Protein chains: 2
Amino acid sequence: MTEEILELLMHRNAVITEEALKKYYVEDEDLKSLLDAERYSLFAGGKRIRPLLTVEFCKLFGGDEEAALPFACAVEMIHTYSLIHDDLPCMDNDDLRRGKPTNHKVFGESTALLAGDALLTGAFEVAASNMAVGAEISAKAVAYLASCAGRYGMVGGQIMDLEGEKRKLSLDALIKLHSLKTGALISAAAVLGALAAGVSFTDPAMADVVTYAENIGLAFQIVDDILDRTGDAATLGKNVGVDAEHQKSTFLTFYSVEEAQFYADRLTQEAISAVRKYPGSETLCAVAEWLSTRKK
Amino acid sequence: MTEEILELLMHRNAVITEEALKKYYVEDEDLKSLLDAERYSLFAGGKRIRPLLTVEFCKLFGGDEEAALPFACAVEMIHTYSLIHDDLPCMDNDDLRRGKPTNHKVFGESTALLAGDALLTGAFEVAASNMAVGAEISAKAVAYLASCAGRYGMVGGQIMDLEGEKRKLSLDALIKLHSLKTGALISAAAVLGALAAGVSFTDPAMADVVTYAENIGLAFQIVDDILDRTGDAATLGKNVGVDAEHQKSTFLTFYSVEEAQFYADRLTQEAISAVRKYPGSETLCAVAEWLSTRKK
């Protein structure tokens with residue numbers, strides 16, 4: 001699959017995800033600032049990689065796009081909440097995200113905090129109400145999504161990241177940090193897609209889904225570290241050299257740029273190996289390739 | 001039922017809720033500060049009124065305590081997260097809660113933020129994994145709990161509260177604010193108890209559950225406003241006269257203390273009327289009475 005075709009598919013998927021996300025909002029004049037703050041970040045033009053994984057894994061195992069979409073929306077809401085809270089002054093204190101002022105810069109800190117809380121809460125309402133799959137699958141999806149997003153998942157990774165700014169991390173700790181902070185929600189995106197198609201946790205296919213997700217998640221982070229060293233600020237749309245400036249432990253603390261790229265490529269090939277055997281996996285293979293060769 | 005017996009029942013329920021809550025935590029040295037921060041607030045000695053409602057409504061409709069407990073824990077986790085986020089400097093900026101330093105005063109703002117996020121996320125994992133009731137009820141419980149806690153529920157009430165500090169509210173807006181900010185989660189606590197016992201949303205009994213919860217929720221808030229005017233700081237364990245100092249709209253903006261107490265009493269009687277017909281409702285009736293006559 002060429003990069004042009006992948007981009008077209010990603011664009012189409014972003015459009016249908018955004019259409020679905022919009023439907024969860026009902027205007028209420030009393031809640032205007034909250035709803036506006038949520039939508040400001042939710043519709044800020046992310047790449048929508050996670051919802052793409054949800055939809056593609058659902059289709060890979062014979063499920064309908066319609067069954068996957070509520071789960072895709074839930075994962076994207078959680079991703080968006082994590083960005084809003086991460087940008088807050090008490091966290092990374094970022095002024096810009098994707099070239100636009102961060103949520104708290106526009107709406108104020110308290111509204112940004114509440115917008116994040118509402119997106120996180122809304123994600124579980126949406127996932128639990130997925131009519132196309134029924135209660136059995138919805139309940140499993142909520143439990144898995146929450147475990148990936150929570151204290152032993154994404155939030156746990158964020159606390160390790162905070163602690164990691166105070167002291168040097170071992171390579172094992174760095175891998176654990178990223179598998180929690182980024183990998184867990186990517187796994188949730190993929191697994192919820194498979195769940196929507198009726199794949200159960202005991203099905204061997206689910207192990208392939210998790211292998212794919214864990215490998216691309218780690219590769220994604222390694223490439224992030226490489227781009228922070230070698231990338232171009234204008235192309236990336238964010239500052240570079242930030243990790244070195246903050247003396248943060250990254251994969252480049254342990255590897256050269258070449259070794260790190262080799263490591264990312266190996267993870268990418270393992271991800272592809274896990275799904276290539278399934279007919280219709282071309283998009284998933286192309287996503288994995290694209291994530292490890294991207295320049296932004 | 002005497003107040004002494006109610007206090008004994010409340011104490012017993014608090015103990016079993018706390019035992020159940022503890023089981024959701026598994027030690028992990030890398031996540032120590034997060035887990036400690038969560039548990040600092042979760043086990044700070046709240047009155048556990050919400051979990052009591054969940055357990056009592058479950059038993060009222062013939063369900064087992066065991067079926068209600070995971071839902072009771074989920075509601076208490078959400079209540080705790082809301083207190084942690086509410087106390088943050090960008091919100092109420094409180095230094096003390098129940099006579100102890102607030103979460104961010106002990107653990108720092110970023111850890112407090114993440115502890116709140118983890119408690120909120122964990123609540124849905126716990127509710128979705130309630131083995132004693134099965135997937136059908138779990139999925140309904142998650143969806144209802146999230147809708148009560150989210151943008152059109154508790155978080156919506158918090159945004160109205162923030163906005164209300166900037167301008168005068170109408171009585172209707174004040175009632176809406178409190179029915180969202182406090183009432184919605186109290187309703188969730190009661191409704192999830194009934195759901196755990198197998199009561200469905202279309203069952204007329206569920207309307208009684210909601211009537212009870214909505215009325216005690218509003219009465220609770222009115223009494224809160226009265227105590228802020230007439231209460232004793234030492235007995236309450238918090239500062240009084242705060243509302244007047246902040247020129248905040250409260251029920252005492254619209255009513256005298258006597259009128260407000262009359263209003264709270266009327267709501268309490270309506271709550272009691274809704275549940276008195278069910279055998280075994282003595283505790284629920286006593287809780288309603290106690291909430292409107294409490295001095296702290």
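The following conversation works through a predicted model of two chains.

Q: What should be known about the numbering and the model first?
A: Residues count from 1 along each chain as its sequence is written, while chains are lettered from A and ligands numbered from 1 in the order in which they are written. Since this is a predicted model, local features need pLDDT of at least 70 and side-chain atom pairs count only at pLDDT 80 or more, whereas totals for chains, interfaces and linings use all residues.

Q: What rotation superposes chain A on chain B?
A: A rotation of 180 degrees, with 0.0 Å of shift along its axis, places chain A on chain B with an RMSD of 0.0 Å. The two copies are therefore related as by a two-fold rotation axis. The same surface serves both copies, since 100% of the contact residues of chain A recur in chain B. The superposition is by least squares on the C-alpha atoms of residues with pLDDT of at least 70 in both copies.

Q: Which residue of chain A comes closest to the rotation axis?
A: That residue is A:A139, whose C-alpha lies 2.5 Å from the axis.

Q: Back to α6(A): what is its length from end to end?
A: Its end C-alpha atoms are 29 Å apart, which agrees with the 28 Å that its 20 residues should span. The expected span is 1.5 Å times one less than the number of residues.

Q: How many residues of α6(A) are buried?
A: The count is 19 of the 20 residues, so α6(A) is largely enclosed by the rest of the structure. A residue is buried if 20 or more other C-beta atoms lie within 10 Å of its own, exposed if 12 or fewer, and partly exposed in between, with C-beta atoms placed from the backbone.

Q: How do α2(A) and α6(A) cross?
A: Their axes come within 9 Å and cross at roughly 75 degrees, so α2(A) and α6(A) are roughly perpendicular to each other. Residues of this contact include A:L34 and A:A37 of α2(A) and A:A115 and A:A118 of α6(A). By class, the contact has eight nonpolar, three polar and one charged residues. Axes are lines fitted to C-alpha atoms, for helices over the stretch in contact, and angles run from 0 to 180 degrees between N-to-C directions. Angles under 35 degrees count as roughly parallel, over 145 as roughly antiparallel, 65 to 115 as roughly perpendicular and the rest as oblique.

Q: What else do the buried residues of α2(A) pack against?
A: They pack against α1 (3–22), α4 (65–87), α5 (103–107) and α6 of chain A, together with α8 (154–164) of chain B.

Q: New topic: where is B:R48, and what is its phi?
A: B:R48 lies in the loop between α2 (32–42) and α3 of chain B, and has a positive phi of about 60 degrees although it is not a glycine. Most residues other than glycine have a negative phi.

Q: Is B:R48 buried or exposed?
A: B:R48 is buried, with 23 other C-beta atoms within 10 Å.

Q: And B:N93, buried or exposed?
A: B:N93 counts as exposed, with 11 C-beta neighbours inside 10 Å. Its phi is also positive, near 50 degrees, and B:N93 is found in the loop between α4 (65–87) and β1 (96–97) of chain B.

Conventions:
Contact = placed C-beta atoms within 7 Å. Helix = DSSP H or I, 4+ residues; strand = E, 2+ residues; numbered from the N terminus. Nonpolar A, V, L, I, M, F, W, Y, C, P; charged D, E, K, R; others polar.
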